[in-house]
Amino acid sequence: MRPRAILLFAALSGALPLCGACSIQPWVKPYERDRLADPIMAWDRDAISNAYLDHIRESREGSRGATGGAGGGCGCN
Amino acid sequence: MLRSSTLLKRCAMAAIVVASTAFAASSDASGPAPAFTLTTLGGQPSGLSAYKGQVVMVNFWATWCGPCQQEMPLLDQMYKKYKPAGFTLIGVNVDKEAPPVKLLLERKPVSFPVLLDPANQVSKAYHVDEMPSSVIIDRKGQIRYIHRGYKPGDENDYQDRIRQLIRE
Amino acid sequence: MIAALLLIRSTIADVLPDNRADVFYSKYSGGGMDITGYSATARAKITENFAVEANYFIDKVSGASVDVLSQASVIKDTRKQKSGTLEYLHDKTTYTASYMSSVERDYKSDTASFSLSQSMFGDLTTVTLAFANTHNTVGENNGTANDPNVAWLGHALTRSYSGGLSQIITKNFIAGVNLQVITDAGYLANPYRSVRFLDGSARGYGLASQVYPDTHTSTAVQVQAKYYLPYRAAVTGLYRYFTDTWGVVGNTYELDYTHPIANKWIFEGRARYYKQSAANFYSDLFPFANSQNFTARDQNLAALDNITLGAKVTYAFLPDGWKFFKRGTVTGDVSRIRFNYKDFRDIRDFGVFSLPPVAAGAEPLYEFSAMVYQLYVSMYF
């Protein structure tokens with residue numbers, strides 16, 4: 001079970017970069033991203049603080065994982 | 001499981017086909033440059049027609065775009081250098097409001113003309129699909145190159161293209 | 001004790017984030033425990049495509065936790081954690097590799113992790129995949145705080161697989177979903193906690209060591225969304241569902257509101273509700289010794305809920321930079337967490353010794369409040 005999971009993970013990791021140019025026209029244009037680029041719209045404006053709060057919760061609760069976020073921002077370059 | 005691997009295969013094939021144009025920052029383009037009239041920060045109207053016969057680079061930028069600000073001083077240097085040879089750089093700003101643009105240009109002034117496109121009409125007309133974008137137009141008003149994004153060192157690419165068009 | 005495996009590093013997969021240095025102070029106070037933490041972090045771009053980050057964290061713990069029954073003396077310990085991260089950006093893909101090491105007198109932990117973040121569909125979608133491997137060495141201090149005598153009890157190996165999808169829906173709205181599967185094997189119990197069972201003694205109950213399964217697999221799914229309000233503010237909502245092979249089911253609900261003022265202030269309010277069901281081998285009081293193959297009385301595995309209310313203020317003392325600094329801010333963050341246990345009783349303050357005496361199993365359910373303070377200075381350059 002586990003070796004298959006690792007293989008699938010490796011295969012996806014290799015395939016993902018190729019998909020960067022998949023052509024679906026974006027409905028939010030790059031020049032319309034001013035609000036998304038605002039620092040208040042970042043998932044992790046203060047990553048150290050969020051990691052610390054996650055650590056406190058994991059030490060006292062039975063749950064763990066799936067926290068954090070990526071993406072958004074200005075989409076420049 | 002099966003559906004996602006088929007999707008990945010299709011994406012991979014599309015990617016290989018599009019790869020040459022998508023991954024290259026500067027690509028050849030063609031077609032007449034759409035005319036436009038916008039206002040300067042001072043409220044004066046201006047547009048592409050004012051620079052007929054010159055080589056023009058239209059640079060789309062925003063105050064919230066990091067790489068745009070990185071290239072501004074280099075664009076300014078390039079403008080000063082090639083202006084005597086018949087080159088103009090127009091900075092088209094896409095911010096929705098003027099005050100942040102005014103504030104930024106007060107702190108970091110540039111000598112090339114800056115026009116405001118808050119309704120994004122010109123951005124749409126030029127099919128801007130990356131920030132920043134630089135469109136290089138020849139003396140006859142035809143679009144020749146589109147440069148998407150900015151990474152340090154790209155200014156050399158700009159200069160090569162501009163010199164080539166000036167010589168034509 | 002448990003090193004947090006930060007799932008999705010904050011990536012905006014087209015430019016590497018700005019250079020930044022933070023000096024951080026934190027304090028946790030509650031349930032008889034006081035934990036003070038100090039940390040320094042710095043990240044810098046070496047080239048346009050390559051960045052490094054280093055972090056050093058030191059935690060000082062003191063106090064007597066309510067369920068530490070075997071030790072009469074106060075706990076005092078220091079934990080030191082260091083981590084290093086490399087980030088590489090190529091076109092629309094960010095690759096990250098990190099290593100973290102945490103050491104305290106009776107617990108050592110090493111984690112190596114790798115992640116990949118890909119921006120696609122006109123930079124509206126970001127897909128992240130991550131893998132982490134942790135090796136823990138668990139010990140028990142059989143001496144006192146000032147005169148320790150640590151016996152090493154065993155090892156545990158943890159593997160984490162995670163995936164995340166972030167999608168820009170409109171120019172005001174971004175949403176995401178994360179999935180994380182974690183499996184551990186080895187010595188998984190907390191050696192300082194004991195179970196109790198009815199035994200007809202004067203006290204009413206006897207103590208025994210916990211017996212945990214030597215494997216554990218958990219799955220967590222979190223959905224989250226952020227919306228930009230027209231007068232310039234942001235509201236965030238998230239929900240996380242957790243389930244594992246030990247029978248714990250956890251539900252987390254959180255709502256955040258962020259309100260900036262010009263370029264100088266950012267105010268943030270946070271409300272979080274968490275509820276979990278007990279592990280299937282957990283009991284506050286077993287009917288007799290060895291009544292089950294696996295037994296636990298660890299607070300973390302009890303049926304509980306907690307409510308957090310927090311407020312955070314960021315002030316930019318250098319809003320437009322100074323010399324080579326682009327920006328400087330100072331942030332204060334205060335949270336109050338109220339814990340309520342449904343099947344964990346306070347046997348530290350209540351029992352046959354209290355006035356009036358309380359029979360085993362009739363002690364009041366435990367509840368406590370904790371305050372969490374954070375203060376940090378961030379310089380962007």
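Predicted model: local features only at pLDDT ≥ 70, side-chain atom pairs only at ≥ 80, totals over all residues.
Residues are numbered from 1 along each chain as its sequence is written, and chains are lettered from A and ligands numbered from 1 in the order in which they are written.

Helices (H or I, at least four residues) and strands (E, at least two) are DSSP runs, numbered from the N terminus. On this basis the secondary structure of chain B consists of five helices and eight strands, arranged along the sequence as α-β-β-β-β-α-β-α-β-α-β-β-α. A residue is termed buried if 20 or more other C-beta atoms lie within 10 Å of its own, exposed if 12 or fewer, and partly exposed in between, with C-beta atoms placed from the backbone. Of the 168 residues in chain B, 35% are buried. Two residues are in contact if their C-beta atoms, placed from the backbone, lie within 7 Å. Among contacts in chain B with a separation of 6 or more, 69% involve residues 24 or more positions apart.

Helix 5 of chain B comprises 14 residues (residues 154-167).

The loop between strand 8 and helix 5 of chain B contains Lys151(B). Lys151(B) is partly exposed because 16 other C-beta atoms lie within 10 Å. Apart from neighbours within four places in sequence, Lys151(B) is in contact with Asn77(A) and Glu48(C).

Chain C has zero helices and 18 strands. Its radius of gyration is 23 Å, close to the 21 Å that the globule rule gives for 381 residues, so chain C is as compact as a globular protein of that length. The radius of gyration is taken over C-alpha atoms, and the globule rule is 2.2 Å times the number of residues to the power 0.38. The C-alpha trace of chain C spans about 70 × 40 × 40 Å along its principal axes. Buried residues account for 36% of the chain C residues. Of the contacts in chain C between residues at least 6 apart in sequence, 58% join residues at least 24 apart.

Within chain C, Ala316(C) lies in strand 16 (residues 304-318). Ala316(C) counts as buried because it has 20 C-beta neighbours inside 10 Å. Excluding residues up to four places away in sequence, Ala316(C) touches Asn263(C), Lys264(C), Arg327(C), Gly328(C) and Thr329(C). Ala316(C) and Lys264(C) are 52 residues apart along the chain, yet their C-alpha atoms are separated by 4.8 Å.

Most residues other than glycine have a negative phi, and most peptide bonds are trans. A cis peptide bond joins Met131(B) and Pro132(B), with omega about -5°; Pro132(B) is situated in the loop between helix 4 (121-125) and strand 7 of chain B. Leu355(C) and Pro356(C) are likewise joined by a cis peptide bond, with omega about -5°, and Pro356(C) is placed in the loop between strand 17 (327-345) and strand 18 (365-380) of chain C. Lys323(C), not a glycine, has a positive phi of about 55°. Lys323(C) occupies the loop between strand 16 and strand 17 of chain C and is exposed, with 6 other C-beta atoms within 10 Å.

Conventions: Expected span 1.5 Å × (residues − 1).
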